[in-house]
Amino acid sequence: MEVVCPIDAQFAEQIALLLEPPSSLQVQEYFDDIITSKQCNGIQVKPTNDYGKGVYADTEFEEEDLVLKDQMLIGVQHSSNKIDCLVCGYCFRFIGSIELQIGRKLYLQGLGSPKDCFDLASSDGSDMEDHQEFQHCSSRKRFQLPIESIESLMNEKLALPYSNKFPLPSAIDCPGGCKEVYYCSKSCAQADWELCHSILCTGEGSKSSSKKALLKFIEHANETNDIFLLAAKAISSTILKYRKLKAACNKEKEKNKIAQVLSNHKFSLLLKAWKPLSMGYKRRWWDCIALPDDVDISDESSFRMQIRQLAFESLELLKKAIFDEECLPLLSLEIYGHIIGMFELNNLDLVVASPVEDYFLYIDDLPEAEKKEVDEITRPFLDALGEDYSVCCQGTAFFPIQSCMNHSCCPTAKAFKRDEDRDGQATILACRPIKKGEEITISYIDEDLQFEERQALLADYGFRCKCPKCIQEDP
Ligand SMILES: [Zn+2]
Ligand SMILES: [Zn+2]
Ligand SMILES: [Zn+2]
């Protein structure tokens, strides 16, 4: 049975307006604004006839030159990665200290294992005998460490040698008191609160409409697909922006003694709040998601139906959690599906290198005699972490300018983090000299694959590549 979302029918007209692709002029104005305000000099976003939009060089670039640092519109750390890395909930910089990063990870890995493992929360010391060793029951074989050393790392009583060479900003609590999200600075905490977290916070200060529904929504997303968390951020940020615009407008009207905002004017404010998201190319998630390898082609329609059902389940929970009468069109299945589809088609992986990896590499590079001494302290931790010691921060994010870059199998640029790029911004570097006016392209896939394989992968993005390399190799 196909699920029916009542909001889809009730607000069909508004939804159609929200999903209408922006005009060339609107695209031009929006991106000119971003480029000026973010000072991304050297590039231009232009509407094109065949692809929608493209990014072009407005200056010359040499090979390896920085073309662009693109600030994400919204992003999330993958749920599974939250055990491995503690990062700022807004800029995704690593926070705390090397000791906290290592201790927290070892501790949480222990908690994530079956019951017979050490449970710090319920420990009263009475049965310490059984729990003397911190056991790891995950399938990966690990070395065991006494819980005391892990605790002393977590509360930073134990300082590891040379960790001061890798200073990290201290972790700032969420102002809503959820203890789920931490920040690198007061300004990041404030910015995230205003962007979306105030209505997605599960703490005392939360402005959500139902904390119970919110917790259920988050649990559902963690168990199914964390792209729902990103979609929730997108909708929340639009709602908050709408409220801000309306408040400013009411203030203005009061000053001029004009009647309060009318309802069709309210919708124009909602359209304005939605503008950043209107710029991304969209299709419904269940229509554009690639068919997984293990799903037979004959089951395609039931697979797509299941995906739609899943999105509906998630949306029902979200709707209760962040309900807003005046923003109801945003909580329709049609909009929800298109937002997730937009992420599916445009997102770039969010990656931030781990300072823990740098730390152990530094120790490994010490002169032999000194290394031996230091190694005695650090080795047990490195062994306990195992191969995972270098896991970086991983997530997914929507980058406004990067998402306008078209694909080429012989691209002019690439997304690549340099040593100094330590936060969630996308870094785009030139792969070869780029002339002024030339298009800046990146590869969405591994461009070294064979022609047929490349075309098959690009079909998931909804196009057939006609780049110079593909034209030449087309049999
Ligand atoms: Zn930050
Ligand atoms: Zn919070
Ligand atoms: Zn190609």
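Predicted model: local features only at pLDDT ≥ 70, side-chain atom pairs only at ≥ 80, totals over all residues.
Student: Where is confidence lowest and where is it highest?

Tutor: The lowest is strand β5 (residues 133-134), with a mean of 42, and the highest is strand β8 (residues 182-183), at 98. Over residues 113-141 the pLDDT falls below 50, and this stretch has 31 contacts in the model beyond near neighbours in sequence.

Student: What share of the contacts joins residues 24 or more positions apart?

Tutor: Counting contacts with a separation of 6 or more, such pairs account for 73%.

Student: How should I read a nonpolar core, and which residues have the most contacts inside the largest one?

Tutor: In soluble globular proteins, nonpolar side chains tend to be buried together. In this chain, buried residues make up 36% of the 475. The largest nonpolar core has 96 residues, and Val87, Cys88, Ala231 and Ile339 have the most contacts inside it. Helix α8 (residues 227-255) gives the most to this core, with eleven residues. Leaving aside neighbours within four places in sequence, alanine 231 touches Tyr336, Ile339 and Ile340 in the sense of a contact. Another core lies apart from the largest one and has 14 residues, including Ile102, Leu145, Ile147 and Met154.

Student: Is isoleucine 147 buried or exposed?

Tutor: A residue counts as buried if 20 or more other C-beta atoms lie within 10 Å of its own. Isoleucine 147 has 20 within 10 Å, so it is buried. Isoleucine 147 belongs to helix α5 (residues 147-154).

Student: Now a helix. Where does α14 bend?

Tutor: The general idea of a helix comes first. An α-helix has 3.6 residues a turn, so residues three or four places apart point the same way. Helix α14 (residues 368-385) bends by about 50° at glutamate 376, and proline 380 follows within four residues. The buried residues of α14 are Phe381, Ala384 and Leu385. After α14 comes glycine 386, with a positive phi near 65°.

Student: Which residues have a positive phi although they are not glycines?

Tutor: Glutamine 39 is one, with a phi of about 55°, and phenylalanine 92 is another, with a phi of about 70°. Glutamine 39 sits in the loop between α3 (24-37) and β1, while phenylalanine 92 sits in the loop between β4 (74-77) and α4 (98-111). Glutamine 39 is exposed, because it has 8 other C-beta atoms within 10 Å. Phenylalanine 92 is buried, because it has 26 C-beta neighbours inside 10 Å.

Student: How do I read a sheet, and what is the order of the strands in the open sheet of three?

Tutor: Strands of a sheet pair through backbone hydrogen bonds, either parallel or antiparallel. The open sheet has the order β1-β2-β13, with antiparallel pairing. Its edge strands are β1 (43-48) and β13 (439-440), each of which pairs on one side only. Six bridges join β1 to β2 (residues 52-57), and glutamine 44 has tyrosine 56 in β2 as its bridge partner.

Student: Which strands pair with β10?

Tutor: β4 and β10 pair in the antiparallel sense over four bridges, with valine 76 bridged to threonine 396 in β10. Strand β9 (residues 348-352) also runs antiparallel to β10, and five bridges join the two. Leucine 348 stands opposite alanine 397 in β10.

Student: How many residues of β10 are buried?

Tutor: Strand β10 (residues 393-398) is mostly covered, with five of its six residues buried.

Note on methods
Residues numbered from 1 in each chain as written. Chains lettered and ligands numbered in written order. Buried ≥ 20, exposed ≤ 12 C-beta atoms within 10 Å, placed from the backbone. Contact = placed C-beta atoms within 7 Å. Core = buried A, V, L, I, M, F, W, Y, C linked by C-beta atoms within 7 Å. pLDDT = per-residue confidence, 0-100. Bend = angle between axes of the 7 residues up to and from the residue. Pairing = 2+ DSSP bridges.
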